[in-house]
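This report describes a single protein chain. Please consider the sequence and the model together before reading on.

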Amino acid sequence: MRLVLATENQHKVAELKKLLIGSSWEVLSLQDFPGISLPPETGETFRENAAIKSQYVFQETGLPALADDSGLAVDYLQGAPGVYSARFAGEDKDAAACNEKLLSLLQGVAPAERTARFVSVIALTTAPNQTIFVEGSCAGVIAESLSGSEGFGYDPLFYLPELGKTMAEISLEEKNKLSHRGKAFQQILPYLKQLERK
């Protein structure tokens, strides 16, 4: 059984592969298909963008394709950066620039108003016009400075009050239990198990 992860983000590949240990799935990524690159994410929601990616990769490979579209929603910023999380600071800017922009927009904002959540929508396409969606979220607070070297993206700023740590200060095992993507992926596992039995 082969499953293609419709992402160019190797951090996401590592997280999802870890969650599939023990299954009969052989997990592939776009690195295994050098001729395929993802189409533009033109959707206005995480769900639309996840569907664009999973349906395209299924169409190109003929294999079940799983895509995650995720991002950070900050309450003080009315849900921004949202679907623009990866390009919040500009198309050609990296995670460090996005974190810097977020900190500048929240400068002087009290901790009680820095609430946020990570959101992940996973789309699993297994046949033409057959896509399943699940969603996971994780609540936290935007810290006033970066902390931790694990994870990626906004993880060093995403503080988990119940742990007293940022997402970048916990192990991948802990992250997969707590994170938006981990929660969404737990919901998609039963569908993958059904496919394994077919």
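## Basis of the model

The model is predicted, so that local features require pLDDT of at least 70 and side-chain atom pairs count only at pLDDT 80 or more, whereas totals for chains, interfaces and linings use all residues. Residues are numbered from 1 along each chain as its sequence is written, and side-chain values use heavy atoms, with hydrogens and water left out.

## Overall fold

The chain contains 5 helices and 7 strands. Both are DSSP runs numbered from the N terminus: helices are H or I with at least four residues, and strands are E with at least two. Starting at the N terminus, the order of elements is β-α-β-α-β-α-β-β-β-β-α-α.

Along the principal axes, the C-alpha atoms fill a box of roughly 55 × 30 × 25 Å. Of the contacts with a separation of 6 or more, 60% are between residues 24 or more positions apart; a contact means heavy atoms within 4.5 Å.

## Surface and charges

Buried residues account for 47% of the 198 residues. Buried means under 20% relative accessible area, exposed means over 50%, and partly exposed lies in between (1.4 Å probe, protein chains only). The accessible surface is about 9,800 Å², and carbon and sulfur atoms contribute 49% of this area. Areas come from the Shrake-Rupley method with a 1.4 Å probe.

The chain has 19 positive and 25 negative charges, whose mean positions are 6 Å apart. Lys and Arg count as positive and Asp and Glu as negative, without His and the chain ends. Each charge is placed at NZ of Lys, CZ of Arg, CG of Asp or CD of Glu.

## The aromatic pair

The structure holds 1 aromatic pair. Phe 118 and Phe 158 form this pair, which is tilted, with 4.3 Å centre to centre and 35° between the planes. The pair links distant parts of the chain, as Phe 118 is in strand 4 (residues 115-127) and Phe 158 is in strand 6 (residues 158-160), 40 residues apart. Rings of Phe, Tyr and Trp (its six-membered ring) pair if their centres lie within 6.5 Å; planes under 30 degrees apart count as stacked, over 60 as edge-to-face and the rest as tilted.

Both partners are buried: Phe 118 has a relative accessible area of 5%, and Phe 158 has 1%.

## A buried lysine

Lys 175 belongs to helix 4 (residues 172-178). Its relative accessible area is 3%, so Lys 175 counts as buried. Beyond neighbours within four places in sequence, Lys 175 contacts Glu 15, Gly 151, Phe 152, Asp 155, Met 167 and Ile 170.

## Loop residues

The loop between strand 3 (65-74) and helix 3 includes Pro 81, and the peptide bond from Ala 80 to Pro 81 is cis, with omega near 0°. Gln 78 lies in the loop between strand 3 and helix 3. Gln 78 has a positive phi near 55° although it is not glycine, and it is exposed at 73% relative accessibility.

Asn 129, in the loop between strand 4 and strand 5 (130-142), is another non-glycine residue with positive phi, near 60°. Asn 129 is exposed at 86% relative accessibility. Ala 110, in the loop between helix 3 (95-105) and strand 4, is partly exposed at 35%.
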